[in-house]
Amino acid sequence: MNNQQLTLLLLLFMVSTLALAESVVEVISVYNRPASEIQPLLMPLLENTDQIVANGDSLIVKTTSERVQTITNIIRKLDNPLNNLLITVIQSRDVTAAQLNAGIGFDIQVPLQQPGNVRGNVQGYYNQYQDQNNRQNTQTIRTLEGIPAHIKVGNIVPITNYQTYRDGYGYPYESRSTQLVEATTGFEVTPRLVGQQVMLDVSPWSDNINAQGQFQTQEANTSIRANLGEWVDLGGVNENTQSSGNTPFGYNNQSGQNNLHILVKVDRVN
């Protein structure tokens, strides 16, 4: 190795040592958002020698002393408070989203006497109301944006099953068994704000026992984007049934209709 090459290597070593000497490590606390949420947003802004690690409620940043303040300012802008959101879900056979957005609604004044239970990571409160004819069910829950919320209200209902057999002599006998079935209404939802709109991952369901003792259930699972304060129809069930046949007392003809709308609205609250 000649003197010129040796001098060049020494210069490169000094430059690299100087760059390492200028690197500093800072622990920056975050107060409103999870550090794991902010960390990936900063990655595209880092230089080749920069590093950032999420650690609970803080970010560990390794960068040059000149860039520490710049990165800190960016973190402060990203670490804004989470918004409180009020989510309302209506499962109704009478109301549509168009009617509610036009101001044509139906008052629901009958609170359930036994609200059941609520599970999930929820901030605030929940309400449930149900009309006298069980044609509309309204539930509201307050939660923070980005936080999954779960509301579940209902009862445990005994269902008796009957079966008829014949014994070895041909005589009929009846066997009955009773099982407990959970009949609940509720929804799971994760809201995320995008400006004046909200992204929703929502899964509502409703179970009930009709007058004939039949177990009825309906549910949906979808992701949507909607405006704040606006009712959105997640979907519905339009079912027509008809049956006919001869009975000992004459001809019997029955028909029925089941129209169910699942509606959701998100409001920002203080």
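A: Helix H2 (residues 35–42) lies across S2 and S3 and runs at about 165 degrees to S2. Helix H3 (residues 65–78) lies across S1 and S3, at about 150 degrees to S3. Contact means heavy atoms within 4.5 Å; axes are lines fitted to C-alpha atoms, for helices over the stretch in contact, with angles from 0 to 180 degrees between N-to-C directions. Helices (H or I, at least four residues) and strands (E, at least two) are DSSP runs numbered from the N terminus. The model is predicted: local features need pLDDT of at least 70, side-chain atom pairs count only at pLDDT 80 or more, and totals for chains, interfaces and linings use all residues. Residues are numbered from 1 along each chain as its sequence is written, and side-chain values use heavy atoms, leaving out hydrogens and water.

The three strands form an open sheet in the order S1-S3-S2, with antiparallel pairing (two strands pair if DSSP finds at least two bridges between them). Strands S1 (23–29) and S2 (51–55) are the edges, each pairing on one side only. From one strand to the next the twist averages 15 degrees. S1 and S3 run antiparallel and are joined by seven bridges; Ser23 has Thr64 in S3 as its bridge partner.

Ile60 also belongs to strand S3 (residues 58–64). Ile60 counts as partly exposed because its relative accessibility is 31%, where buried means under 20% relative accessible area, exposed over 50%, and partly exposed in between (1.4 Å probe, protein chains only).
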